[in-house]
Amino acid sequence: MAELGSKGVTAGKIASNVQKKLTRAQEKVLQKLGKADETKDEQFEQCVQNFNKQLTEGTRLQKDLRTYLASVKAMHEASKKLTECLQEVYEPDWPGREETNKIAENNDLLWMDYHQKLVDQALLTMDTYLGQFPDIKSRIAKRGRKLVDYDSARHHYESLQTAKKKDEAKIAKAEEELIKAQKVFEEMNVDLQEELPSLWNSRVGFYVNTFQSIAGLEENFHKEMSKLNQNLNDVLVSLEKQHGSNTFTVKAQPRKKTKLFSRLRRKKNSDNAPTKGNKSPSPPPDGSPAGTPEIKVNHEPEPASLDTPGAAIPKSPSQPGDVTEAGATKPAAVAEGASETAASDGASSSLPAVVVETFPATVNGTVEGSAPSKRSDLPPGFLFKVQAQHDYTATDSDELQLKAGDVVLVIPFENPEEQDEGWLMGVKESDWHQHKELEKCRGVFPENFTEKVQ
């Protein structure tokens, strides 16, 4: 019998809930169709909007805080492995081994303490703050349902009162249901009207406390970590002083190509070597220099009458290299070609070799069209200056010997193909000021031993 009674109560409650849902659905349809009035509360609706915004912001903050904590934990693991690596490579006979182990231990404890305090003072507080939102959200939804019940009871009571045939018993029952629905709704509405604005205003203090806690914990953590890092630095400085002779040295990139000046010397010797079977020409009987005489022709000859046969007429400076003879213009290349032909035929007396030199025209002693003069204190083709940061010992005759602090004037390679990767051509500034001759001073040097200063 008890089971039947229990089942009956349960069945009755289910039927009541189903009936309420049908009534609410019907009321919503009537409100949307405009056949029933809906109770509006704009102030409460604004509170609900603020509540939803606050919940969204808090959820995002909680997610980002968890991500931050995960990053702290990952950084802790990385730092732990790094200090473990230092402990492994730190040999037992090196000074400061015990201090290094102690620093590693304190480092691990500091990370653990930082992570735990973040959990206690930030994450748990964040979880508590967000823990109140589900209940309030549920009450807001229930308040909405009770408002529909209240509107439905009110509309039912009003319809019975305006009916042509009135039933007092039904009217009295409807009025009783209206009063009950109104009471339930107003109780929930009053509580939420007070609670929602208070919750909204509390967000400022919560954000302040949360981020102050995080900032303070992080500040203290970095202060303590800075002390440990300074202690570790002191230990390593002590190690360096006792093993200073074994410091890490900078090495130059290997040169893969043939040495530059060795090639130049071989090429020069090859060009100057006499051809097999040829003999040096003997000087002529009159004592003049051997070979075909050369006559230099300027574009600024000595003043001569234009009536003089064969007189050279100067051309315009805009056409350098041309030679005009007796009113006929010939390019310098033709004149040189002719001289070479004559020389090959052995007719040195009939047509001398002509070497044409171009001189810029002068007006009132000023050179026209000349390039700007170069600084005499810098080598030709100067690119920039570098300063040696490390000593470098030359391993070949075409390399510069460098001491830390030497300033080198960088110049281009005559043939870019001669340049090895990681090597530059230059002349030490002190050598250049002393000799002013590139052939005696220039050389190649590793770029990674220097730093650009100009």
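Predicted model: local features only at pLDDT ≥ 70, side-chain atom pairs only at ≥ 80, totals over all residues.
Local features need pLDDT of at least 70 and side-chain atom pairs count only at pLDDT 80 or more, whereas totals for chains, interfaces and linings use all residues. Residues are numbered from 1 along each chain as its sequence is written, and side-chain values use heavy atoms, with hydrogens and water left out.

The chain contains 9 helices and 11 strands, assigned as DSSP runs (helices: H or I, at least four residues; strands: E, at least two) and numbered from the N terminus. Of its 454 residues, 27% are buried, that is, under 20% relative accessible area with a 1.4 Å probe, protein chains only; exposed means over 50%, and partly exposed lies in between. Among contacts (heavy atoms within 4.5 Å) with a separation of 6 or more, 69% join residues 24 or more positions apart.

An open, antiparallel sheet is formed by 5 strands in the order S10-S9-S8-S7-S11; strands pair if DSSP finds at least two bridges between them. S10 (443-446) and S11 (450-452) are the edge strands, each with a single partner strand, so one side of each has no neighbour in the sheet. Strand S9 (residues 423-428) pairs with S10 in the antiparallel sense over 4 bridges. Trp 423 has Pro 446 in S10 as its bridge partner.

The structure contains 0 disulfides, a disulfide being a pair of cysteine sulfur atoms within 2.5 Å. Cys 47 counts as buried because its relative accessibility is 11%. Cys 85 has a relative accessibility of 40% and therefore counts as partly exposed.
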